[in-house]
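Welcome! Please take a moment to look over the protein shown here, and then we will walk through some of its parts together.

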Amino acid sequence: MSPLNSSNPCLPKTHFLKVPTFNPFFKFQPFSFNTLIPSNRAHALPFTINCKLKSSQDIKNNNKGKKGVSQKIVLSEVSPPPLTENDDDDINGGSGNANENAPIRLKNKGGISGLAKKLSKKTLLILSNLPLAIGEMFTIAALMALGTFIDQGEAPDYYFQKYPEDHPVLGFFTWRWVLALGFDHMFSSPVFLGMLVLLGASLMACTYTTQIPLVKVSRRWSFLHSAEAIRKQEFSESLPRASIQDVGTILMGAGYEVFLKGPCLYAFHGLAGRLAPIGVHISLLLIMAGGTLSAVGSFKGSVTVPQGLNFVVGDVLGPTGFLSSPTEDFNTEIHVNKFYMDYFDSGEVSQFHTDLSLFDMDGKEVMRKTISVNDPLRYGGFTIYQTDWSISALQILKNNEGPYNLAMAPLKVNGDKKLYGTFMPVGDINSPDVKGISMLARDLQSIVLYDTEGKFVGVRRPNSKLPININGTEIVIVDAIGSSGLDLKTDPGVPIVYAGFGALMLTTCISYLSHSQIWALQDGTTVIIGGKTNRAKMEFPEEMNRLLDKVPEIVQTSLSEQADGIRG
């Protein structure tokens with residue numbers, strides 16, 4: 001632009017824009033940022049400037065009270081038309097074709113990414129909803145309670161009889177519900193695992209959208225420069241003759257992190273209380289992850305082994321999920337050396353023990369331990385639990401011949417007490433009316449004997465070597481051979497679950513720590529102080545008053561020097 005001389009006194013400082021007469025475009029250099037538009041293209045921004053000359057009379061009539069003519073050129077604030085890409089020939093008057101695909105692709109790309117961001121934000125907002133998370137936890141608790149009510153791991157015939165269709169539980173619950181939803185193996189069923197995944201997603205969404213932003217805000221040094229803002233805090237007080245440096249020293253002695261910036265002070269303590277909720281969420285995620293791994297990656301099995309026999313671990317264990325993978329330790333052979341019981345004075349069984357030896361594939365004993373209830377054996381990733389017992393056989397002498405082993409079978413009786421029995425035929429065993437001597441036992445302490453007519457004859461203890469004559473047959477009870485009931489399990493999720501519970505207890509305790517923030521402002525000779533806390537609302541004012549009572553009062557002679565020092 002350059003000034004244009006004119007004889008009109010009304011336009012002493014008017015400027016005109018010099019533009020080509022036949023080319024109303026301003027040519028710009030290509031954009032420097034990376035787009036789909038080629039760099040050898042120029043961009044044209046079309047606009048028009050309308051000017052209207054006014055005479056001195058018009059100015060006097062329309063601008064009374066004004067000192068002069070406006071010297072501004074006002075451009076319209078309406079959004080310009082979208083950029084179009086033209087060839088150089090087109091700008092110079094040629095007939096080149098405009099490339100309209102590039103801006104369209106940019107627009108579509110932005111629309112897809114924007115839609116994805118909106119969907120992700122909406123999904124996070126839904127998952128982080130507290131009522132939804134509470135409902136998920138109640139649903140998981142209800143499924144766990146249902147899993148304890150329904151017997152787990154039974155054959156389908158068991159559920160056919162337990163939950164028949166002609167007599168449904170609660171009017172609708174039958175075996176179809178159990179088998180269709182996988183309630184016969186509740187803790188590895190898709191419904192239960194799906195609820196765990198949903199609850200885990202809610203915890204992660206809540207951590208991302210709520211807890212992490214709170215921690216970021218808590219770590220900022222937020223100074224308040226207004227006395228009114230400080231007085232609006234939960235606690236506020238004014239110290240008429242005090243120094244903000246002294247306040248900071250007192251707060252540092254109380255364990256606060258203190259920051260000074262001119263006349264402003266910011267202090268906080270208990271930031272761990274803000275971090276603890278994130279730790280609680282991580283702990284819950286660990287527990288659920290460990291439980292899920294246990295459900296889909298474990299091996300389980302049970303076996304009842306008579307004393308003196310062997311079994312191979314891999315023959316007993318069976319997979320529980322699609323992540324279950326056997327190891328070389330499954331080739332370990334286990335030998336039951338001895339099984340015995342402890343008894344109360346009343347004769348009831350108090351504890352039972354099994355002496356086990358473990359052998360590798362070369363037949364070398366790698367471990368030996370006597371296990372009992374609540375004292376398992378752990379080796380090579382699998383665990384052996386003592387869970388049950390039975391009587392497998394009686395060893396007897398018949399007329400000083402033998403010994404003979406008579407197999408014992410469990411008998412059904414009312415109540416939860418065990419009863420085992422065996423039968424020794426007397427006479428012609430091929431006769432349809434064969435008779436014999438019956439022997440019953442409730443434990444390994446004593447054997448009750450009955451004659452061929454079913455009449456009680458006597459009681460003998462194993463290893464007592466006392467004979468008893470029944471219907472002309474002399475019998476000696478040599479030994480009662482017990483069987484050990486063992487449960488075997490590999491559970492890779494147990495360490496994760498234990499770590500999660502340990503972290504949960506620790507972070508729950510830490511979450512009770514108060515996160516307190518304090519602001520102060522030196523206003524002349526007065527210190528205005530205020531603060532807030534997220535917990536211990538009642539104790540916080542008492543703590544603040546106790547700390548402020550320790551702030552020394554500045555004598556009048558040094559007030560002006562203190563104030564000047566702060567201003568400097």
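## About the model

This is a predicted model, in which local features need pLDDT of at least 70 and side-chain atom pairs count only at pLDDT 80 or more, while totals for chains, interfaces and linings use all residues. Residues are numbered from 1 along each chain as its sequence is written, and side-chain values use heavy atoms, with hydrogens and water left out.

The average pLDDT (the predictor's confidence in each residue, from 0 to 100) is 81 for the protein, and 77% of the residues reach at least 70. Over residues 1-57 the pLDDT is below 50, and this stretch has 54 contacts (heavy atoms within 4.5 Å) beyond near neighbours in sequence. Residues 63-109 also have a pLDDT under 50, with 32 contacts beyond four places in sequence.

## Two annotated spans

An unreviewed UniProt entry places the feature "transmembrane region" at residues 124-150 and 191-210. UniProt positions are given in the numbering used here, feature names are shortened, and annotations may be inferred rather than shown by experiment.

In the model, residues 124-150 are 89% helix and 0% strand, with end C-alpha atoms 35 Å apart. Residues 191-210 are 100% helix and 0% strand, and their end C-alpha atoms lie 28 Å apart. Helices (H or I, at least four residues) and strands (E, at least two) are DSSP runs, numbered from the N terminus.

Now back to the opening pair. An open sheet of 5 strands has the order E6-E26-E25-E8-E7, with antiparallel pairing; two strands pair if DSSP finds at least two bridges between them. Strand E6 (235-239) and strand E7 (257-261) are the edge strands, each pairing on one side only. The twist averages 15° from one strand to the next; axes are lines fitted to C-alpha atoms, for helices over the stretch in contact, and angles run from 0 to 180 degrees between N-to-C directions.

Strand E25 (residues 516-523) and strand E26 (residues 526-533) run antiparallel and are joined by 8 bridges. Across E6, strand E8 (264-269), E25 and E26 lies helix H13 (residues 539-548), which runs at about 15° to E6.

## A second open sheet

Another open sheet has 4 strands in the order E10-E12-E13-E14, and the pairing is antiparallel. Its edge strands, each pairing on one side only, are strand E10 (310-312) and strand E14 (365-372).

Strand E13 (residues 349-359) is joined to E14 by 7 bridges, and the two run antiparallel. Asp355 stands opposite Thr370 in E14.

## A pocket and its lining

The second largest pocket has a volume of about 1,100 Å³. Its lining has 40 residues, of which Phe187, Phe192, Gly291, Ser294 and Ala295 lie nearest its centre. On a 1 Å grid over the protein atoms alone, a pocket is an open set of points where a 1.4 Å probe fits, with protein on both sides within 12 Å along at least five of seven lines; lining residues have an atom within 4 Å of a point. Grid points are joined across faces, edges and corners, and a volume is the space filled by probe spheres set on the points.

Helix H10 (271-297) is one of the elements that supply at least two lining residues, and H10 gives the most, with 7 residues.

## Two backbone details

The peptide bond from Gly402 to Pro403 is cis, with omega near 10°. Pro403 is found in strand E17 (residues 401-407). Asn399, in the loop between E16 and E17, has a phi near 55°, a positive value in a residue other than glycine.
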